[in-house]
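This report describes selected features of a protein chain. Please consult the sequence and the structure shown below while reading.

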Amino acid sequence: MKRIAILLALVVAIAAFVHFDVAQMLTLANLKAQQGAIDAAYQASPAKVAGLFVLLYVVLTAISFPGAAILTLAAGAIFGLGVGLVLSSVASTVGATLSFLSSRYLFRDAVQARFGDKLKALNAGIERDGAFYLFSLRLVPVFPFFVINLAMGLTPIRVWTFFWVSQVGMLLGTAVYVNAGTRLAEIQSLKDVASPALLLSFAALGLLPWAGRAIMNAIKRRRVYAGFSRPKRYDRNMVVIGAGAAGLVTSIIGATVKAKVTLVEAHKMGGDCLNYGCVPSKALIKSASVADTIRHADAYGIAGVEPRVDFRGVMARVRDVITKIEPHDSAERYTGLGVDVVQGYARIVDPWRVEIKCADGSVQFLTTRSIVIAAGAEPVVPRLPGLEGSGYLTSDTLWDAFSKLDRVPEKIVVLGGGAIGCELAQAMARLGGKVVQVEMAERVLASEDDDVSALAKAALEQSGVEVLTSHAAVRVEGAGDARSLIVKGPKGERTIGFDALIVAVGRKARLSGYGLEELGISTDRTVVTDEYLATEFPNIFAAGDVAGPFQFTHTASHQAWYAAVNALFGQFRKFKADYRVIPRTTYIDPEIARVGLNEREAKGQGIAHEVTIYHLDHFERAIIEGATTGFVKVLSVPGKDRILGVTIVGEHAGELLGEYVLAMKHGLGLKKIMGTIHAYPTMIEANKFAAGEWRKAHVPHRVLGFVERYHAWRRG
């Protein structure tokens, strides 16, 4: 209703201006010709003329009609500098604000829905520094004021901020025109007022806020570094702390561009992913999958048998997989690529100095232009009575512990229903353990949609896992072979005996031991950084799990590029880390992969969307593989084929997701996917069929009605 009223008011105002030929009236020649009559009217009724002037100015500006410059001259000619400046300044600001509000109510929602992802950075910048940007634009008359009004209406800037900044920012330019109007007879054209020299002066004024900001930033930097002595020369261009995914990629980028880089690692090269996370867990999952296939081989016409699991052999294979991948991340390889690799503990002494306690007992001090903290993360261990002496395992420690066993622990409790907990629970159950999984929330994989969580729980239970959601761990009791976990659920307390307790309730950034506290670098679960991954100290950066907001190997590598480039070349140009398209996969069977928004997030953020689902139970390659459980779910802009997010549940979902990641990254819609030839029969065809489901829901029935009549006519 509000939009209709605004549109109606605009139409009426524009029609009136056209009907009364206001454009012809608002010319310099006409103003000069009518000055005598206007002066007489003003002398006879000052309040009436002033009121009509303000009303005309407000309406003119509100509908973005040309002629504001003439009215501002008229203000000086009629009312003089003082009164004319007040009237025209207030009227122009009120009119600009009405134009701003019209743009906001008519177009902002549509623009944000259409270009929301691309506008995130702009919106964030406006929310943070909108007043600064608007003030700069208002000072430079090169930018048409009506364009600024309309454009700002599409952003999140507050109405009051827009009003007062416009009032102040336009005051100087308004004063110039009002003052010129007091000498109207001397003006032959608007060029006499807005001369090139004057325009250049205004442009220079527009740069003043930016110069001021640069000066303030320089002062802030001086304050940050106060009390520290900057070295006269530097041993390194960059020191990287941590040799996980983020640290490895950061250091190799630095070496590639011929910077002198030292990479410091206290434990194992390759970090968590190679040694405790992605690599060993996926190797374990593969062995568990083979065991499950043998167990259910009758589904393929082959006699199914209970597999004999050589658990020591399984864990030996896990170790063998790590060993084969280790050379990719080894100190020898990175040394050969030009990186100075040091085994030891690094501590930041000051913004340009790092102390390294080397593995051989020596201590090394390095001066460096920049530092990148890539210390990774570690498992969260809850404060649970009795846990400390229970012999519990984490996703870091279970590999060494299990490698010493000949058989799978008979009774296993997995604490946690996130991705790590679900993967380990299913794998251990498939390898023959009796697994109970305990999750405090109502659902496993709580960040996913309800239907995805339900399917994951069903898959876990089908693999033999007893899933206890809405159950909180209370305490651990007993010792040796009589250990048990006490949990509390909807029906009260329950005692669960275990031979192995795996704590998988999440991971936290490694924040202690690197000198962050002593240096005053802010931390809040992660190292606090800006959009460029810099800390309070502009030469100290953080990347990977220690920086957040994601804990994925691929995002760590992604952040590493920004950290390395900004650390080495930030004095020329800095790049904001881009998190718009981040894929993720949970490697249970069936796999769960997602990129962008899911339904839960879209509803929570109030983002308009429509949902297209293609189920795999009729998909030909899935039927061939015996993998019909799952679906492809696509969220798109209502009425458009632009993809907001995709969730895939099914065999090889992580691989299938890649096509959607590419599409979202480069702005390709569902029509492009549907129009792409996919080999038959492959699993990736499911993406094309999902796009086809979207197309079916958007068939132009009216057009097809005409086409049907055309074909009937052709048949005679």
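In which helix is Asp292 found? Asp292 belongs to helix α12, which covers residues 278-295. The model under discussion is predicted. Asp292 has a relative accessible area of 15%; because a residue counts as buried under 20%, Asp292 is classed as buried. The side chain of Asp292 is also joined to that of Arg430 by a polar contact of 3.4 Å.

**The chain as a whole**

The chain has 716 residues, of which 45% count as buried. Its secondary structure comprises 25 helices and 23 strands. Among contacts in the chain with a separation of 6 or more, 67% are between residues 24 or more positions apart.

| Helix | Residues | Number of residues | Span between end C-alpha atoms | Expected span |
|---|---|---|---|---|
| α13 | 311-325 | 15 residues | 22 Å | 21 Å |

For α13, the span is close to the expected value at 1.5 Å a residue.

Which residues of α13 are buried? They are Phe311, Val314, Met315, Val318 and Ile322. Viewed down the axis of α13, the buried residues fall within an arc of 95°, so they line one face of the helix. An α-helix has 3.6 residues a turn, so residues three or four places apart point the same way. The buried residues of α13 pack against α11 (271-275), α12, α15 (398-403) and α16 (419-430). Helix α12 is also where Asp292 is found.

In α19, the buried residues include Thr555, Ala556, Gln559, Tyr562, Asn566 and Leu568. Among the elements that cover the buried residues of α19 are the strands β1 (236-241), β5 (363-373) and β18 (540-542), together with helix α10 (245-256).

**A sheet of three strands**

In what order do the strands of the open sheet lie? The order is β11-β12-β13, and the pairing is antiparallel. Strands β11 (472-477) and β13 (492-497) stand at the edges, each with a single partner strand, so one side of each has no neighbour in the sheet. From one strand to the next, the twist averages 25°.

Strand β12 covers residues 484-489 and pairs with β11 in the antiparallel sense over five bridges. Opposite Leu485 in β12 stands Val476.

Key
Residues are numbered from 1 along each chain as its sequence is written. This is a predicted model: local features need pLDDT of at least 70, side-chain atom pairs count only at pLDDT 80 or more; totals for chains, interfaces and linings use all residues. Side-chain values use heavy atoms; hydrogens and water are left out. Helices (H or I, at least four residues) and strands (E, at least two) are DSSP runs, numbered from the N terminus. Buried means under 20% relative accessible area, exposed over 50%, partly exposed in between (1.4 Å probe, protein chains only). A polar contact is a pair of N or O atoms within 3.5 Å; within protein, one must be able to donate a hydrogen and the other to accept it, and residues adjacent in sequence count only if both atoms are side-chain atoms. The expected span of a helix is 1.5 Å times one less than its number of residues. The arc is that of the directions from the helix axis to the C-beta atoms. Contact means heavy atoms within 4.5 Å. Two strands pair if DSSP finds at least two bridges between them. Axes are lines fitted to C-alpha atoms, for helices over the stretch in contact, and angles run from 0 to 180 degrees between N-to-C directions.
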